[in-house]
Structure formats: C-alpha cells, structure tokens
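Dear colleague,

Please find the structure below, handed over for your own work.

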Amino acid sequence: MKVKVLYFAALRERLGTAGEEIDLPSGVSTVAALRSHLRGRGGAWERALADGKLVRMAINQDMAPPSASLKAGDEVAFFPPVTGG
C-alpha cells in the first residue's frame, strides 16, 4: 500500500525533504504506526518524530489522531504545532 507523506515547517528542515511516497510494510496501518516506521530510519528521523515531540498529523488535509487508519493513496502530513499571534 502506497501513501504520500508530506513534512512541513521545522520538520521539513530537519528531515531535508518536503515529502515522499512510501510503500508501507505490512503492519503499518495507522498514522502512529507510520510515525514509528519513519522513526526507525534513525538519525534525524528518530529525533524529529520522537514520541516526546509534539507533532500534528493529518490525513487528506483533515486533522487525524494517531489511531487513524491509513488506506492506499492517502496523503499524510506531519507538522509541528502552529501558534498564532
């Protein structure tokens, strides 16, 4: 199953990419599992997406909880919390 993953703001800078298409391994079926899978790359990925880091997630431009299910063709976005002022 393929999904498109987008990274915004500071995450994009830390990871050095704005996005990618990922063929998900079996067992990766939620946003939380995708985040964990990406952390498994180590280095900047592990630091930027660590459990203690506040990271917002969206599926197809709708905010999504970590337990949200993924399906083929979804667009998943990861971004830091945004503050207004």
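I begin with a polar contact of 2.9 Å, which joins the side chains of D74 and N60. A polar contact here is a pair of N or O atoms within 3.5 Å; within protein, one must be able to donate a hydrogen and the other to accept it, and residues adjacent in sequence count only if both atoms are side-chain atoms.

Before going further, please note that this is a predicted model, in which local features need pLDDT of at least 70 and side-chain atom pairs count only at pLDDT 80 or more, while totals for chains, interfaces and linings use all residues. Residues are numbered from 1 along each chain as its sequence is written, and side-chain values use heavy atoms, with hydrogens and water left out.

D74 is found in the loop between β4 (62-63) and β5. Helices (H or I, at least four residues) and strands (E, at least two) are DSSP runs, numbered from the N terminus. With a relative accessible area of 3%, D74 is buried; the term buried means under 20% relative accessible area, exposed means over 50%, and partly exposed lies in between (1.4 Å probe, protein chains only). A polar atom of the D74 side chain also lies 2.8 Å from the backbone nitrogen of K71. Leaving aside residues up to four places away in sequence, D74 touches K2, V3, K4, I59, N60 and S69, where contact means heavy atoms within 4.5 Å.

The sheet

Five strands form an open sheet with mixed pairing, in the order β2-β1-β5-β3-β4. Its edge strands, β2 (19-23) and β4, each pair on one side only. Two strands are taken to pair if DSSP finds at least two bridges between them. β1 and β5 run parallel and are joined by four bridges; the bridge partner of V5 in β5 is V76, and that of K4 is E75. β3 and β5 also pair over four bridges, but in the antiparallel sense, and R56 stands opposite F79 of β5. Four of the five residues of β5 are buried, so this strand is largely enclosed by the rest of the structure.

The nonpolar core

The largest nonpolar core has 22 residues, of which V5, Y7, V31, L34, L38 and F78 touch the most other members. At least two residues of this core come from each of β1 (2-7), α1 (9-15), α2 (31-39), α3 (43-48), β3 (56-59) and β5 (75-79). By a nonpolar core I mean a set of buried Ala, Val, Leu, Ile, Met, Phe, Trp, Tyr and Cys residues joined through side-chain atoms within 4.5 Å. When residues up to four places away in sequence are not counted, L34 touches V5, I22, L24, V28, L70, V76 and F78.

The aromatic residues

A search of the whole structure finds two aromatic pairs. In the pair of Y7 and W45, the ring centres are 5.4 Å apart and the planes are at 75 degrees, so the arrangement is edge-to-face. This pair links distant parts of the chain, with Y7 in strand β1 and W45 in helix α3, 38 residues apart. Y7 counts as buried at 1% relative accessibility, and W45 counts as buried at 15%. In the pair of Y7 and F78, the ring centres are 6.3 Å apart and the planes are at 15 degrees, so this pair is stacked. Y7 lies in strand β1 and F78 in strand β5, so the pair ties together parts that are 71 residues apart in sequence. Rings of Phe, Tyr and Trp (its six-membered ring) pair if their centres lie within 6.5 Å; planes under 30 degrees apart count as stacked, over 60 as edge-to-face and the rest as tilted.

Y7, W45 and F78 form one aromatic cluster.

Backbone angles

With kind regards
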